Amino acid sequence: MDYLPLFVELKARAVLLVGGGEVAARKASLLLRAGAALTVVAPELHPELQLRQQKEEFAWLQEAFHIGHLDGVFLVIAATDDRHLNQSVFAEANRRAILVNVVDDQSLCSAIFPSIIDRSPIMVAVSSGGKSPVLTRLLREKLESLLPFHLGAMAEIAGRWRERVKLNLASLRQRRYFWEQAFRGRFATLVANGQLQQAEERLNQQLLDQQLSDEQQQTSKQGELALVGAGPGDPGLLTLKGLQVIQQADVVLYDHLVSEEILELVRRDADKICVGKRAGNHSFAQEETNALIVRLAQQGKKVVRLKGGDPFIFGRGGEELQVAASAGIPFQVVPGITAAIGASAYAGIPLTHREHSQSITFITGHCRENGNELDWPALARAQQTLAIYMGVIKSALISQNLISHGRDANTPVAVIGCGTRSEQQVLTGTLSELEWLAQNAPSPALLVIGEVAQLHHQLAWFGQQSAVTAKQHPANNSAVVDIA
């Protein structure tokens with residue numbers, strides 16, 4: 001993050017604008033709307049600035065800039081076409097620890113002006129850190145079309161009612177529920193139609209209804225559980241419903257497969273607890289997770305169990321729901337894109353193909369102790385695809401069993417590390433080399449075994465700008481592994 005987004009109150013604060021041209025006029029308009037005590041330093045003024053100055057909207061110093069103009073200033077903007085002057089303004093302001101913006105010169109800025117979507121008091125700012133103003137403008141145009149103009153009126157009314165709601169609804173959870181219902185319901189519709197008095201009457205009725213409902217439920221306070229699939233890593237693969245649910249959570253229990261980008265989408269005031277497990281290092285036992293889900297839900301909280309991939313594909317989601325159901329906890333499931341689907345698609349590997357594979361089998365390489373043995377003869381048949389989760393540690397055993405039961409040692413394989421993420425790597429080779437490939441792949445890794453793996457080099461699109469390199473396999477000293 002090059003710049004920390006901040007909303008700064010400028011009302012009655014001393015702001016200096018160096019320059020009096022057309023660009024300066026645009027900046028002056030923005031600063032005056034924010035209530036700044038504006039001083040303009042310039043030998044001449046643009047006609048628009050002249051009109052404002054005649055109305056005494058700002059002070060005008062009809063002279064050249066000198067460092068004394070910075071005395072007592074909170075913010076300074078340089079809007080001239082004289083780069084030497086702009087550099088002087090920046091250097092002196094920086095020396096005095098005064099925020100400074102030099103228009104159209106990002107290298108001379110300690111503060112920047114974003115593109116603004118104004119629905120006062122709702123404000124949305126979009127910035128590229130000065131790197132791509134045109135892209136920023138296009139994004140602003142899209143947001144303008146998405147954000148209705150009545151948002152400001154709705155926020156104004158909410159501001160007047162905030163203390164009353166706080167006095168009548170004791171808990172943060174109750175207040176959040178109240179406002180979520182208001183902003184999504186009849187209140188929002190009435191504001192959009194300009195029926196502001198009726199909108200406030202609706203708020204009053206909603207508050208009375210919720211107080212009555214809360215009183216009736218005091219003796220049977222019950223939370224709920226949502227099992228949400230986060231997908232394989234790319235936040236763009238999180239479903240819309242999944243996003244909505246995690247933004248309503250009181251607490252989110254997540255595992256190590258959930259990417260940081262997706263965790264950033266969780267509501268800021270929600271508690272986030274890592275209950276992840278790693279092979280050989282089970283930092284949080286499944287029984288502890290089950291007990292935590294029950295305890296939090298029985299405290300009346302909205303609990304989200306956020307799992308990488310899909311919760312019902314080797315994610316123990318079924319086990320956790322059984323525990324919730326036994327405890328009488330209401331639950332819902334939001335499916336996610338499982339790793340085999342997402343990672344193989346990003347790697348350019350179709351899991352089925354008329355010429356290469358007529359079936360796909362999902363397998364876990366990490367089975368329970370004393371679990372049933374896999375049907376190796378069936379898995380070793382040709383013209384099928386095996387997608388193996390958590391198979392890195394047992395990759396040698398997997399390779400040996402498949403080959404010994406008839407699968408060709410030269411069967412194409414791919415090991416997809418960090419699938420769908422920016423650091424994704426795809427290592428390709430043959431079944432006899434599976435162990436070496438798995439050991440050299442970044443974690444988490446998915447093993448794909450079958451003829452379809454050879455299509456990676458033809459169909460891969462994720463990270464195509466990355467160089468493709470060959471590595472020497474230690475077993476036969478030949479170049480067999482491609483990392484894309």
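Angles under 35 degrees count as roughly parallel, over 145 as roughly antiparallel, 65 to 115 as roughly perpendicular and the rest as oblique. With that in hand, helices α11 and α12 are oblique to each other. The structure is a predicted model, in which local features need pLDDT of at least 70 and side-chain atom pairs count only at pLDDT 80 or more, while totals for chains, interfaces and linings use all residues. Residues are numbered from 1 along each chain as its sequence is written, and side-chain values use heavy atoms, with hydrogens and water left out. Helices (H or I, at least four residues) and strands (E, at least two) are DSSP runs, numbered from the N terminus.

- Five strands make an open sheet in the order β3-β2-β1-β4-β5, with parallel pairing; two strands pair if DSSP finds at least two bridges between them.
- The edges are β3 (59–61) and β5 (99–102), each with a single partner strand, so one side of each has no neighbour in the sheet.
- On average, neighbouring strands here are turned by 20 degrees against each other, direction ignored.
- Strand β1 (residues 14–18) pairs with strand β2 (residues 37–41) in the parallel sense over five bridges.
- Within that pair, Leu17 has Val40 in β2 as its bridge partner.
- Helix α1 lies across β1, β2 and β4 (75–78) and runs at about 170 degrees to β1; contact means heavy atoms within 4.5 Å.

**Helix α1 against helix α2**

- Helix α1 (residues 22–33) and helix α2 (residues 47–54) cross at roughly 35 degrees, and their axes come within 8 Å.
- Axes are lines fitted to C-alpha atoms, for helices over the stretch in contact, and angles run from 0 to 180 degrees between N-to-C directions.
- The crossing of α1 and α2 is left-handed, meaning that the near helix is turned anticlockwise from the far one by less than a right angle (clockwise would be right-handed).
- From α1, the residues in this contact are Ala24, Ala25, Ala28, Ser29 and Leu32, and from α2 they are Glu48, Leu49 and Arg52.
- By class, the α1 and α2 contact has five nonpolar, one polar and two charged residues.
- For these classes, Ala, Val, Leu, Ile, Met, Phe, Trp, Tyr, Cys and Pro count as nonpolar, Asp, Glu, Lys and Arg as charged, and the others, Gly among them, as polar.

**The hairpin of β6 and β7**

- Strand β6 (residues 115–119) and strand β7 (residues 122–126) run antiparallel and are joined by five bridges.
- The two strands form a hairpin with two residues between them.
- Opposite Arg119 stands Ile122 in β7.
- Buried means under 20% relative accessible area, exposed over 50%, and partly exposed in between (1.4 Å probe, protein chains only).

- Strand β8 (residues 224–229) runs parallel to β12, and four bridges join them.
- The bridge partner of Val228 in β12 is Val334.

**Helix α11 against helix α12**

- Helix α11 (residues 286–298) and helix α12 (residues 317–326) pack at an angle of about 40 degrees, their axes 10 Å apart.
- The crossing of these two helices is right-handed.
- Gln286, Thr289, Asn290, Ile293 and Val294 of α11 meet Glu319, Glu320 and Val323 of α12.
- That contact divides into three nonpolar, three polar and two charged residues.

- Arg160 lies in helix α5 (residues 151–168) and is exposed, with a relative accessible area of 52%.
- Arg160 and Cys274 are 114 residues apart in sequence and 38 Å apart in space, C-alpha to C-alpha.
- Glu264 sits in the loop between α10 (260–263) and β10, and is partly exposed, with a relative accessible area of 45%.
- Between the C-alpha atoms of Glu264 and Ala79 there are 36 Å, with the two residues 185 apart along the chain.
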